[in-house]
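Subject: Structure handover and findings

Hello,

Here is the structure you asked to look at. Please open it alongside this note.

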Amino acid sequence: MESRYSFINNSATKVTGVRLGLSFKRKLRLGLGYSWLDTDVFEKRIITDVNGNLFNTKDYFKFGYVCFYADFVFHKTKRWQLSVPIQCGTGLYWTQYNDGIKIVKSKKRFLLFYEPGITIQYKITKWLGLGLDVCGRLALRNTNYVGNKLNSFVLAPKLLIWFDQIFYTIAPKSKLTEKFGPAYW
């Protein structure tokens, strides 16, 4: 589970997601996930109801996308780690508003994301740490509407738990522990 914080139309937003991945020798992480906008982002809109009366409503901006990521560790000490995450995503965006009777959705449009960044992690104990991703989000669909809304920097604070290290500590004589062993502390 993750939460990534950024700005859309100069308003603070949160993008929530789930990820699943693999780590190779604690140097390279690869994976995929799904993310969606988890904040109400809207513009005021004046529409005409069925009786011909004008009224104000909120036109909400929405998106969801599948992402692929790679994270390469380039510096590591006992407690600190620096890495370069790269994330690419593809999905759909649309707007929707309530016309007084029903929800009216715009046509869903294709979207591409590219998010390069840097990650810093600090290990508090062998199995617990803190981290921070600092990235730039670029919407690769070349329209002013999408670019103005989505291009932003992204912050993702992290609480890190290494479940494998907890297992190795709890079960030091297991076959998995003997084969893969705990990380050197």
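Below are the findings, from the whole chain down to single residues.

Ground rules come first. This is a predicted model, in which local features need pLDDT of at least 70, side-chain atom pairs count only at pLDDT 80 or more, and totals for chains, interfaces and linings use all residues. Residues are numbered from 1 along each chain as its sequence is written, and side-chain values use heavy atoms, with hydrogens and water left out.

**Overall layout**

The protein chain has three helices and 10 strands. Both kinds of element are DSSP runs numbered from the N terminus: helices are H or I with at least four residues, strands are E with at least two. The order from the N terminus is β-β-β-β-β-β-β-β-β-α-β-α-α.

The radius of gyration of the protein chain is 21 Å, while a compact globule of 185 residues would be near 16 Å. That radius is taken over C-alpha atoms, and the globule rule is 2.2 Å times the number of residues to the power 0.38. Along the principal axes, the C-alpha atoms fill a box of roughly 75 × 30 × 25 Å.

**Surface, contacts and charge**

Buried residues make up 35% of the 185 in the protein chain. Buried means under 20% relative accessible area, exposed means over 50%, and partly exposed lies in between (1.4 Å probe, protein chains only). The protein chain exposes about 11600 Å², and carbon and sulfur atoms supply 63% of that area. Accessible areas come from the Shrake-Rupley method with a 1.4 Å probe; for residues, only the protein chains shown count as cover.

Take the contacts between residues at least 6 apart in sequence: 55% of them join residues at least 24 apart. Contact means heavy atoms within 4.5 Å.

The protein chain carries 28 positive and 12 negative side chains. The centres of the two sets lie 8 Å apart. Lys and Arg count as positive, Asp and Glu as negative; His and the chain ends are not counted. Each charge is placed at NZ of Lys, CZ of Arg, CG of Asp or CD of Glu.

**The core**

The largest nonpolar core has 14 residues. Such a core is a set of buried Ala, Val, Leu, Ile, Met, Phe, Trp, Tyr and Cys residues joined through side-chain atoms within 4.5 Å. Leu37, Phe61, Phe63, Leu111 and Leu150 touch the most other members. Strand E5 (54-76), strand E8 (109-123) and helix H1 (144-150) each supply at least two residues of this core. E5 gives the largest share, four residues.

Leu37 has contacts with Ile8, Thr13, Lys14, Val15, Phe61, Lys62 and Phe63, leaving aside its neighbours within four places in sequence.

Lys149 sits in helix H1. Lys149 counts as buried because its relative accessible area is 3%. Not counting residues up to four places away in sequence, Lys149 touches Phe7, Ile8, Asn9, Glu43 and Phe61. Phe7 is 142 residues away along the chain, yet the C-alpha atoms of Lys149 and Phe7 are separated by 8.2 Å.

Gln87 lies in strand E6 (residues 80-98). With a relative accessible area of 4%, Gln87 is buried. Its contacts, with residues up to four places away in sequence not counted, include Arg4, Arg19, Tyr65, Phe113 and Glu115.

**A loop and two strand residues**

Lys25 is in the loop between strand E2 (11-24) and strand E3 (28-37). Arg26 is in the loop between E2 and E3 too. Lys25 has a positive phi of about 55° although it is not a glycine. Phi of Arg26 is near 55°, again positive in a residue other than glycine. Lys25 counts as exposed at 81% relative accessibility, whereas Arg26 counts as partly exposed at 25%.

Phe24 belongs to strand E2 and is partly exposed, at 41% relative accessibility.

Leu132 is in strand E9 (residues 128-139) and is partly exposed, at 32% relative accessibility. Leu132 and Ile120 are 12 residues apart in sequence and 5.5 Å apart, C-alpha to C-alpha. Leaving aside neighbours within four places in sequence, Leu132 contacts Ile118, Thr119, Ile120, Ala156 and Pro157.

Best regards
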